[in-house]
Amino acid sequence: MIGFILRRLLIIIPMALLVVSLTWGLIRLAPGNFYSDERSLPPAIEENIKRKYGLDKPVYQQYLIMLGNVVRGDFGDSLKYQGQSVNEIIFRHLPYSATVGVLAYLLALFFGLTAGIIAALRQNSAFDYGSMATAMLGLSVPNFVLGPILVIVFSLWLFWLPPARWGGISNLILPVITLSAIYAAYIARLTRAGMLEVMRSDYIRTARAKGLDEKTVLLKHGLRGGIVPVVSFTGPALANLLAGTVVVEKVFAIPGLGNIFIQSVLNRDEPLTLGIVAFLSILIMIFNLVVDISYGFLDPRIRYE
Amino acid sequence: MFLIRSGKLHPVYALVVLSSLLAGCGGVASEGFYGKTAAPGDNVLRYITGSEPESLDPAVPTGQPEARLLMSLYDGLTEYDPRTMQPIPGIAESWEVGQENTEYVFKLRKNAKFSNGDPIKAQDFVYSFRRALDPELAAKNAYLAHYIKYAEEYNSMRSFVRDKSGRFLLESDLNGEKQEAAPGTQPQADANLSEFRKFIDGPMRLTVPSDEKSRNAALEKNPKLKSLVEGAELVPVKAEDLGVEAVDDYTFRIKLKQPAPFLLGLLPHQFFRVVHRGTIEKHGKDWTKPENIVTSGPFKLKEHHPYDRVVVEKDPNYWDAEMVRLDGIAFYPLEEQTTMLNLYKTGEVDAIYNHTVPAAWVDSVSKFKDEYMNHPEVAIEYYTVNVTKPPMNDVRVRKAFALAVDRDAMAAFRKTTQPLIDFTPEGLFPEYEQIRSEVYARELKKIGSSLDEWKARKFDPEKARKLLAEAGFPVTQNGSGWSCPNFPVDQVEILYNTNDNNKSIAEFIQAQFKQNLGITLQLKNQEWKTFLNTRKQLEYSGLGRAGWIGDYMDPMSFLKLFYGPNNDSSTGWTKPAYDKLIDDANREPDPKKRFEKMAEAEFMVMQEQPVLPWQTQKTNFLRKPYVKGLYPNPGTLHAWKFVYIEQDPAKWDRDVETIFNVKDEWVTGHINRLIATQASLVEREEGYKTAGKFGY
């Protein structure tokens, strides 16, 4: 088990470097640069900028310098936001995305699991059909539609909640609901399918045959197997949520990482883009690892090689 | 989802129905205001200014969002008049212009202070200017200061050339011209002049690139330069060589290399605002952090939460603090238009920056006459023409395309613009426009035309078809429409940067060409930075979308686009005769004659039509009726010390269409007090009075 974890951790480093290198190449292939604008710069000023940021060096040198910085975990300063380091920007904005993301995922887990389990236990009942139809809708209504609709009703009509910006708890309600909808729907469907499969399996029959009460059968034996699909979904989903979700951040003006990531690409802010890409790729790999480890606790049949 | 357990309908069902109902009712709030309208009790203005600021260092950022924010934090020699954006006194109380518009001497007020209490002296301006031009800082805006003597040379790392006898070579040594060349460089007889003054007022020295590679390239191109430089010593141009000087603690002098009569209008730009030397030298790149920053404006920094808010508070050390009425301003960096209008409607913000009401909302929002600001701006929309490629290298073809679009229809379609047929925005420079009409009438008479005919350029499809036929592309009637079978549609396309708005405009123009000329051009879009590259390198065929915002309130800010062989127009058009007219205009001390030269230049470029002007932009923004002193000026740059929140609803602004005809006693009083020390400005204000402007 420990060997497995160490091996997986070691793979993360070359993988992250590969991702960063590919991203660097893509940025360099894109035309334009961080200082190009409607007003073209006099050549001498362009020279000053190139000299200042080392863009006058040969490309392979620039690549090696970049790689060296990445290995040391220092991405340098943002090109757009002068005097701010990439690490400072990432760790300053991560908490905003993480707060909204984690709250949204908890909400989604609560409603998704509850609805999924009840639907599975009362298969083909009105509740089953109703909740699954609702989940289908939750999956198909994109959050850039749901968010504005919630704003129209709760902010512009009823004046109950602020329509956007960071602030108190009231500012969090609408973005968290908007963001959780699609995850809740997905989790509900995954849970229902997982539970249906597990509840028909032999070991549940055995448990019942042992005379265990239905509550123990369901919670101790059924649920552990039933939510394995939800757990594997949780890894990448949480990583995505932590990294910020561009649409919700834009609609609700949340100073999170997702929006900054997109802006950095549009601004050709190379160090910032690379920093966020490296951070996200490592985050995703670590979450996947955690998910893989957790399988062992949920399903005793799974072994690590 | 959150109502699943109750087994009820998912709320989305209900919301979809609700929102479709909503679409019909427009959301008119009580009292005829847009949404919640109540003056904030804490006297802090909440303003949306656009994207997150690049930096709080005034020398660094180039965008309007930062310009607005930095105007609250820093003060300059001059400030923008909140109504017109013409210069009014800032830290400079008065000034004198001499030596054929190449010398500006400013008298500074003695009570100006930084936010830490240090006095602001002429030396601080010297430092601020030198620092902003330091090649190490690599400021993008440095070109704004290149009129200052040796500024460009210092900023581009060039060197003076000293020959073996120890004499610095002059530009006239290279050009062969005698001293006459540089204006305002009469030899000074006064022996009392300082060494610096003799040097800076003397004839322009020759410079070459300090960098060996670029120097050798320059020398190879010019054998005479090569022979001059050979064996000579190179002396790098230093910060101390710049044409800025602290004559005494409160007298600051600027010496220009070429006349720039618009300099006073340029100086309120954030690039020229004064910064605190001690703070910058102590903290380096961290000097703008809230715990370190020292500022010079009416407000000082309180908090900065990137991507969320920048909060400034009134600075009691400011020299004009008793006239500052706001206790603070919260700037929200936000770019999503729907989100900002939602915040506005729920009363969470008091005002928004320009071009922010989406086209689809304009009709319903513009009904709120006390809040919707839509006034002409010092900004234009046009298409560039790549004049280096056929068939657009034929001026007749270019003119035909310019004539074939109905600009009134376009303005009706756009809703936030007005028609434009020349290159300087319409309705912003009345004095210039009047002189231009006279010059145009004179020039047109020479070629057997008239001013009325010229004005018909707004839309003249018949003439357009005639011009195309003359160019070898006859347009024939084809049923109810037109067709132009000879025209090489594969060689002309409309290039724009990817954006819904640009697309709908391009489609409108495309339809007009088809309808009036029988020519269907292809549309092509590229992502912003890619597009800039294509257009600049002239890698496009036919037409390219363009927009231009004036740097300062003078038509020159537009006309300079075509100046010089490697100009900024992205068209490939250049003409020495045009450059000469611009040079002459800049050298001209008499404003009227100067405008005449500029009008001649504008006529010349419009005759050759390297650009197709479409529209003058309008401000298109919202602000609550209780926000006073915030005018829809030509650049949406607000001098915040004139802005205040009016608690008494009876005094709120009504019908802002006429806002420039209503007198705000407090604002005009404030301006009159400030300009009293500068005679030329008092004269200008008298002119407004005579014209009945601003409610006089």
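Modeller: Start with B:H355, in the loop between β14 (351-352) and α12 (359-365) of chain B. This is a predicted model: local features need pLDDT of at least 70, side-chain atom pairs count only at pLDDT 80 or more, and totals for chains, interfaces and linings use all residues. Residues are numbered from 1 along each chain as its sequence is written, while chains are lettered from A and ligands numbered from 1 in the order in which they are written.

Biologist: What makes a stretch a helix or a strand?

Modeller: Both are DSSP runs, numbered from the N terminus: helices are H or I with at least four residues, and strands are E with at least two.

Biologist: Why does B:H355 count as partly exposed?

Modeller: Count the other C-beta atoms, placed from the backbone, within 10 Å of its own: 20 or more is buried, 12 or fewer is exposed, and in between is partly exposed. B:H355 has 19 such neighbours, so it is partly exposed.

Biologist: What is phi at B:H355?

Modeller: Phi there is near 60 degrees, a positive value in a residue other than glycine. Most residues other than glycine have a negative phi.

Biologist: Is B:T636 buried or exposed, and how do you know?

Modeller: B:T636 has 28 other C-beta atoms within 10 Å, so it is buried. B:T636 sits in the loop between β25 (627-628) and β26 (644-645) of chain B. Phi of B:T636 is also positive, near 45 degrees.

Biologist: What makes the peptide bond from B:P390 to B:P391 cis or trans?

Modeller: Look at omega: it is near 0 degrees, and the bond is cis. Most peptide bonds are trans. B:P391 lies in the loop between β16 (376-385) and α13 (395-403) of chain B.

Biologist: Why is B:R684 called partly exposed?

Modeller: B:R684 has 17 other C-beta atoms within 10 Å, so it falls in the middle class. Its place is in helix α24 (residues 679-691) of chain B.

Biologist: Now chain A. Which elements does chain A have?

Modeller: It has 13 helices and zero strands. Of its 305 residues, 38% count as buried.

Biologist: Where does α6(A) bend?

Modeller: At A:V151, by about 30 degrees. The bend is the angle between axes fitted to the seven residues ending there and the seven starting there. A:V151 is buried, and among the other buried residues of α6(A) are A:L146 and A:L150. After α6(A) comes A:F159, with a positive phi near 55 degrees.

Biologist: What makes α4(A) oblique to α12(A)?

Modeller: α4 (86-121) and α12 (257-266) of chain A pack at about 135 degrees, with their axes 8 Å apart. Axes are lines fitted to C-alpha atoms, for helices over the stretch in contact, and angles run from 0 to 180 degrees between N-to-C directions. Under 35 degrees is roughly parallel, over 145 roughly antiparallel, 65 to 115 roughly perpendicular, and the rest oblique. That makes α4(A) oblique to α12(A).

Biologist: Which residues of α4(A) and α12(A) meet?

Modeller: A:I89, A:I90, A:H93, A:L94 and A:S97 meet A:L257, A:G258 and A:I260. By class there are five nonpolar, three polar and no charged residues. Two residues are in contact if their C-beta atoms, placed from the backbone, lie within 7 Å. Ala, Val, Leu, Ile, Met, Phe, Trp, Tyr, Cys and Pro are nonpolar; Asp, Glu, Lys and Arg are charged; the others, Gly among them, are polar.

Biologist: Why is A:G194 called buried?

Modeller: A:G194 has 22 C-beta neighbours inside 10 Å, so it counts as buried. A:G194 is in α7 (169-199) of chain A. Beyond its neighbours within four places in sequence, its contacts include A:G226 and A:V230.

Biologist: How many residues of chain B are in contact with chain A?

Modeller: 50 residues of chain B, facing 55 of chain A. The largest share of the chain B side, six residues, comes from α1(B). That side divides into 18 nonpolar, 17 polar and 15 charged residues.
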